[in-house]
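Please read this note with the structure open beside it. The points run from the whole chain down to single residues.

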Amino acid sequence: MDITKKCFLIFILFCAAGYGQVESKSECNAMIEKGIALMFEKKHVQSLEILLEATAIAQKNDWSQQEFRAVLNTGSNYYLMSDFGEALEFYLKAYEIAIEHLQTKDELTVLNNIGILYFQESNLPKARDYFLKAYELSSTDINSNKHGYYAINLALVSNKMNKAEDASRYIQEALPLVRDQPEIEIMAKMALAENLFIKSNYDQARERALTLLPQLVGDAHADNRVFVLLLIAQIYERQQNYQLALQYARRARAASKSLENREDVYEALSKAYISLRDYDSALRYKDSVIMARDTLQKIRNITLYENNKIKFEIQNYAHQLSESQLLLQKERRFFYSVVVFGLLLFVLALWIFRNHITKQKQRKKITELELEQEKSKRLLAEKQIREREIGIKLEQQRLKNELDLKNRKLTSKAVYLSSRNELIEEIVETLSANAQVKAQPELLSQLKALSKHLKNNPQFDSFFSHFEEVNPGFSTRLLALHPNLTQQDVRFIMYLYMNLGNNEIASLLNITPQSCRKRKERISKKLDLGEGKSLAVYITTI
């Protein structure tokens, strides 16, 4: 890179660092995480301000993932504030971003959120439509591990719509998929208990619901516990066991933590008292139903009023943010003007030293060429050394091949001698056993002489000479290590060194294979070989 360009880049980075904080994806993600944390702390105004700013930064930089998360959690803020209209608007914006720029998992998240929103509004057909979209999309996505969860959502809404068979099918599909997800598995079992109740399988439904109760402990499971207790109360009411129905309705009242399910609890208590003909208590809880409904409506109206205030504050914040951006643009224009002026001065200063720098670069280039030439010479020398090493290795391989060839010839010769001796001995034994030959003492004595000649064949001396030529110094090294060996022991070890078998050695030495094995054991003891150590293996190391 040219020195002018290097200095120009350094100057730009220096000025930018002094001008202000650089925006990055990690900073934007940190803002979104902070907004989410504030949302769960129910500090919705602060959360919405941060998420709105993060959305603006993400849009400006075309960061689709960050924009999606900011918009989605903005909708979640409004959902938690019960402003479902605003929540739906932001969810739909997030859905558009996911379809155009992101992966299937992000699209599934938004579809599920919209389905839950419609479910809370009791708009069951709409909720089912969005849950069904998420279910179908997750079934085609090989990376989706939440297909069972979407199936459970469909089962719950199908139960509410009295589509028991559809709900049962979704539950059976979901149960094997959620076994390693305890929280979701509990939802599946709740849906199954409710489904059995809808199908009038009261005993099975009660058994399932009673099994679930011990698992629903703590505030996190309060709403689920109320749901199961009310379901058991309904089952006992259908079975005309009104006392137990009242008992479980009261337990649901004690477990109820939120106002949203209080209406259902009072309704269950009212029905239980009517069944027991305690009309005063029934009327009192019926009034409580109306009071709970009015209180919930009042809270929603207050929430709506608070939401409107928050919207006004957010709009005001957005206006301030817009003005801040305009001011930032003006400051940037001034900054760019300063940068351009500074660059002109910088380039002028660089031009003064350009000739000096050029000479330094030329000297450096010459030095590099000299070093490159030296390197080439060194590489050439290394190449020549490698070629000589390869030649040496080839020569060693050639000599080794010649040695192997001679050993093979020597082995062939030994085997030939062994075969020849065996043949002659067989002929001698056959002739000696012949009655006519026994009758001729002179011929019998000649056969004995021939047998004796086999044991003292002078060709063995030439064989040992040939062995020493092929394996020079072997017998000398062997005797140096073990001077107590006899000449017969050395000859026996030579045959072993040539990989001859017991039968072949026995034939060459004119002894039996059993004697050959005994001689091998005797020689092993002479060599002080330990138990389990092979004589054949040992002599290959000499």
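**Notes on the predicted model**

1. Gln 240 follows α12 and has a positive phi, near 65°. This is a predicted model, and the points below should be read as describing that model.

2. Helix α12 covers residues 222–238, which is 17 residues.

3. Much can be said about burial in α12. Its buried residues are Ala 222, Val 226, Val 228, Leu 229, Leu 230, Leu 231, Ile 232, Ala 233, Ile 235 and Tyr 236.

4. For the chain as a whole, the secondary structure comes to 24 helices and 0 strands. The chain has 542 residues, and 37% of them are buried.

5. Of the contacts between residues at least 6 apart in sequence, 60% join residues at least 24 apart.

6. Where is Phe 353 placed? Phe 353 lies in the loop between α15 (279–352) and α16 (354–433). Its relative accessibility is 49%, so Phe 353 counts as partly exposed; the class of exposed residues begins over 50%. Together with Trp 351 and Ile 352, Phe 353 makes a nonpolar surface patch of about 410 Å².

7. How many salt bridges does the structure hold? The count is 12.

8. Glu 41 and Lys 43 form a salt bridge in which the closest N and O atoms are 3.6 Å apart. Glu 41 has a relative accessibility of 46% and therefore counts as partly exposed. Lys 43, at 39% relative accessibility, also counts as partly exposed.

9. In the salt bridge of Lys 105 with Asp 106, the closest N and O atoms are 3.6 Å apart. Are these two residues buried or partly exposed? Lys 105 counts as partly exposed because its relative accessibility is 48%. Asp 106 counts as buried because its relative accessibility is 6%, and buried means under 20%.

10. Arg 378 and Glu 382 meet through their side chains in a salt bridge of 3.3 Å, N to O. Both residues belong to helix α16, where they are 4 residues apart, so about one helical turn separates them. Arg 378 is partly exposed at 44% relative accessibility, and Glu 382 is partly exposed with a relative accessible area of 32%. Elsewhere, salt bridges with shared partners link Arg 179, Glu 185 and Lys 189 into one network.

11. The last point concerns cysteines. A disulfide is a covalent bond between the sulfur atoms of two cysteines. How many disulfides are counted here? The count is 0 disulfides, where a pair would need its sulfur atoms within 2.5 Å. Cys 28 is buried, with a relative accessible area of 1%. Cys 516 counts as buried as well, at 0% relative accessibility.

Definitions and conventions
Residues numbered from 1 in each chain as written. Predicted model: local features only at pLDDT ≥ 70, side-chain atom pairs only at ≥ 80, totals over all residues. Heavy atoms only, no water. Patch = residues over 30% accessible without salt bridge, like charges linked within 9 Å, V, L, I, M, F, W, Y side chains within 5 Å. Areas by Shrake-Rupley, 256 points an atom, 1.4 Å probe, with all protein chains shown as cover. Salt bridge = Lys/Arg side-chain N within 4 Å of Asp/Glu carboxyl O. Helix = DSSP H or I, 4+ residues; strand = E, 2+ residues; numbered from the N terminus. Buried < 20%, exposed > 50% of the residue type's maximum accessible area, 1.4 Å probe, protein only. Expected span 1.5 Å × (residues − 1). Contact = heavy atoms within 4.5 Å.
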